Amino acid sequence: MLSIKNLHASIEGTPILRGINLEVKAGEVHAIMGPNGSGKSTLASVLAGREEYEVTEGEVSFKGINLLDLSPEDRAREGVFLAFQYPVEIPGVSSTNFLRTAVNQVREYRGEEALDAVKFLTLMKEKMRLVEIDQKLLSRSLNEGFSGGEKKRNEIFQMAMLAPTLSILDETDSGLDIDALRIVSNGVNQLKTKDNATIVVTHYQRLLDHIVPDFVHVLYNGQIVKSGTKELALELEEKGYDWIKDEVDSKATV
Amino acid sequence: MSTLIKEDILVELLATTGTGFEEVRAAGKQAFQVQGFPTNKSEEYKFTAITKKIEQSIQNFAPAAPFTVTAEEVNANIFEGYAGDVLVFANGHFAPALSSTIEGVEVSLLSEKSSIALGSIAKPEKDPFCALNQSSFEGGIFISVPKKAQIQKPILLLNFFKATAGQVIQPRVWIEAGDFAEVTFINHSVNLSDIPYFVNKVVEVKGGVNTQIRYYKLQNEGKNVIEVSNIETDIQKDARFTSVNISLSGEMVRNNLTLNILGSNSEGNMYGLYLLNGKTHVDNHTNVDHTVPHCESNELYKGVLADNSRGVFNGKIFVRQDAQKTNAFQQNSNILLSDDAVVNTKPQLEIWADDVKCSHGCTTGQLDEEALFYLQARGIGKLQAKGLLLYAFTGEVMDYITDQSFREYCIAQVQDRLGSNL
Ligand SMILES: Nc1ncnc2c1ncn2[C@@H]1O[C@H](COP(=O)(O)OP(=O)(O)OP(=O)(O)O)[C@@H](O)[C@H]1O
Ligand SMILES: [Mg+2]
């Protein structure tokens, strides 16, 4: 489904990603871990199409399409979803209006009929139950004044509404209390099918108790320096990143 | 600057126009001669080179002749679902046959009756264009809302402009609202030709005690318009005046909007929105004069500027020594969509009273790129995402329009513009 080959990207001339290779197949869950500043959010942003990042080398193919050729909106319409690490507050844009526009533009792109107000509300109600999000939140401006946890929950709610093929969750677990973590993870798990895939970026093993990954990767200095199964996450939790850094740095000097 | 234009206009305009109001016109002429056309040294017009613009675009300084508007033209320019009354004007001349008879409101041509004191509210010494209009206005209308009359339906002032040989149009309006009266005006203008014209309009509003007056104005007549508008209002105690001004096009537009609060416990609200593109230049000069205690004024102007457009905002607030316990708020916020768009904004607060609450602020920024990306990342096209964000920024101004059909018309116009790259 997603194939990243030797991806290099920089921002304002500074290289951040230095040769990422990653294969994600339908039905899989991949976890990406790694120390602060290693490039996890950069990778997520590059996949979503953020223009500030310049791809200097490499390829990304998604369902056989060259993803890097597409505008951010077309990537979303093709089924890429990024749950932002820091969702933006947008005063004056109503959550409902925003979502309806988004859902219908995605449907239009896929040649599906636009949802009328009634059908849209029905869909919204259904998905609201899934992530246990309060109607009151959605009657406000998009993310405006939402708490950290509410913003994260709203990201998963949007994900449920848009039913993406590839979801990239950038630290969706950070700032969630234990109940919210369970609700958000449940949401993600219920949305999982054999046809879609999930990449979760996280610092914490506790999320991976709920969303069990098929693969765990460690990103360090703009590269995936180690990959393994869910046991790797446990090891990281116990030992931290230093041993991996040491491994990488000693290799570099050889 | 040019003295030529001054003489040309004076010779042509002052000679051809105006029956009646000899004293009034003479006072206007004198005030104009003292001030002359503004130059680049005139403090009040230093960002708006309107004299130059008039020289460039107007060849024939004669008044545009009156003409006949058709009922179809009137109907085509009334907002969908509009249920209020309509007064039609052609180059400033009232067209009674196409206008409603408004229950409880007196509407007539300007005449020299004692209650009409042209120039007593919009004083000709304060602005050269106000003086020019007073010297040589054509036509003109008198609207009187009697004491205690609550006019529920809005009154649409529908102006048709058509420059013929002459390209100068100088309408004049005198509105009075008796004590406890309530009335809403919507001023909308339509250009019927593609010849450039210069419209120089003066509206004086005399509001009594406890009046509620709303005055909405939409400017969207296209590129060929040079406009100066002086709207000045006096209100007495316990009154409220609300203005909403929306400017969407024009070559060069200058709005002078002045409110004199003459009685305590009154409130003045001025809201404005300008969406500018191409080379459009819009200058809003507002002025609230607090002369008495316990009054409030609220002012919010928002602008979105694209291409090479230029916006000017100057907000004067005077709080006189007697005007204790005044609350005065002013905000001007702008988004620039292009590196070549410019906005000059200047709050000008002059406060002589000591027990007052006044605040002002101005911001000029760009579209929030992170917010734009967020919307795009959800599948919303870039143009529409921009439109959503810009509407989020501007929409609040339209909320102050109470008439639903006019509000919806404005929203549609604004959204149309915001979705189309401006
Ligand atoms: N606009 C920018 N200009 C310069 N450097 C930047 C810019 N944005 C990000 N970076 C740098 O890129 C590197 C990678 O940042 P990124 O946000 O991808 O890290 P991360 O792995 O997501 O970290 P965290 O775990 O803290 O979220 C960091 O060193 C960061 O400082
Ligand atoms: Mg990050």
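**Two chains, strand by strand**

B:Glu267 stands opposite B:Glu296 in strand S16 of chain B. That is where I'd like to start. First, the ground rules. This is a predicted model, in which local features need pLDDT of at least 70, side-chain atom pairs count only at pLDDT 80 or more, and totals for chains, interfaces and linings use all residues. Residues are numbered from 1 along each chain as its sequence is written, chains are lettered from A and ligands numbered from 1 in the order in which they are written, and side-chain values use heavy atoms, with hydrogens and water left out.

Back to chain B. Strands here are DSSP runs of E, at least two residues, and helices are runs of H or I, at least four, both numbered from the N terminus. Two strands pair if DSSP finds at least two bridges between them. S14 (residues 267-276) and S16 (residues 296-305) of chain B run parallel, joined by ten bridges. S16(B) also joins S18 (residues 327-336) of chain B, again through ten bridges and parallel. There, B:Ser297 has B:Ala328 as its bridge partner.

How enclosed is S16(B)? Nine of its ten residues are buried, so the rest of the structure largely encloses this strand. Buried means under 20% relative accessible area, exposed means over 50%, and partly exposed is in between, with a 1.4 Å probe and protein chains only.

Most residues other than glycine have a negative phi.

What does the record say about this region? UniProt, in an unreviewed entry, lists residues 163-393 of chain B as "domain: SUF system FeS cluster assembly SufBD core". UniProt positions are given in the numbering used here, feature names are shortened, and annotations may be inferred rather than shown by experiment. Over that range the chain is 9% helix and 58% strand, with its end C-alpha atoms 36 Å apart.

One helix in chain B, H5 (residues 128-136), is mostly covered, with nine of its nine residues buried. Among them are B:Phe129, B:Cys130 and B:Asn133. At its start, a side-chain oxygen of B:Asp127 comes to within 2.9 Å of the backbone nitrogen of B:Phe129.

Now chain A. For residues 2-246, UniProt lists "domain: ABC transporter", also from an unreviewed entry.

Start with the open sheet. Four strands of chain A form it, in the order S2-S1-S4-S5, with antiparallel pairing. S2 (14-24) and S5 (65-66) are the edges, each with a single partner strand, so one side of each has no neighbour in the sheet. Helix H1 (residues 40-48) of chain A packs on this sheet, touching S1, S2 and S4. Contact here means heavy atoms within 4.5 Å. The direction of H1(A) makes about 110° with that of S1(A). Axes are lines fitted to C-alpha atoms, for helices over the stretch in contact, and angles run from 0 to 180 degrees between N-to-C directions.

Within the sheet, eight bridges join S1 (residues 2-11) to S4 (residues 53-62) of chain A. A:Ser10 stands opposite A:Glu54 in S4(A). The loop between S4 and S5 holds A:Lys63. That residue has a positive phi of about 50° and is not a glycine. At 40% relative accessible area, A:Lys63 is partly exposed.

Next, the metal. Which residues coordinate the magnesium ion, ligand 2? A:Ser41 through OG and A:Gln85 through OE1, at 2.0 to 2.2 Å. They link distant parts of the chain: A:Ser41 is in H1(A), A:Gln85 is in the loop between S6 (80-83) and S7 (90-94) of chain A, and they are 44 residues apart. Donors are N, O and S atoms within 2.8 Å of the metal (3.2 Å for Na, K and Ca), and water is not among the atoms, so sites may look incomplete. A:Ser41 is partly exposed at 25% relative accessibility. A:Gln85 is buried at 16%.

S6(A) pairs in parallel with S9(A) over four bridges. In S9(A), A:Ile168 is the bridge partner of A:Leu82. S9 (residues 166-170) is mostly covered, with five of its five residues buried. A:Leu166, A:Ile168 and A:Asp170 point one way, A:Ser167 and A:Leu169 the other.

Last, A:His217, in strand S11 (residues 215-220) of chain A. This histidine is buried, at 7% relative accessibility.

Conventions:
Polar contact = N/O pair within 3.5 Å; in protein donor to acceptor, adjacent residues only side chain to side chain.
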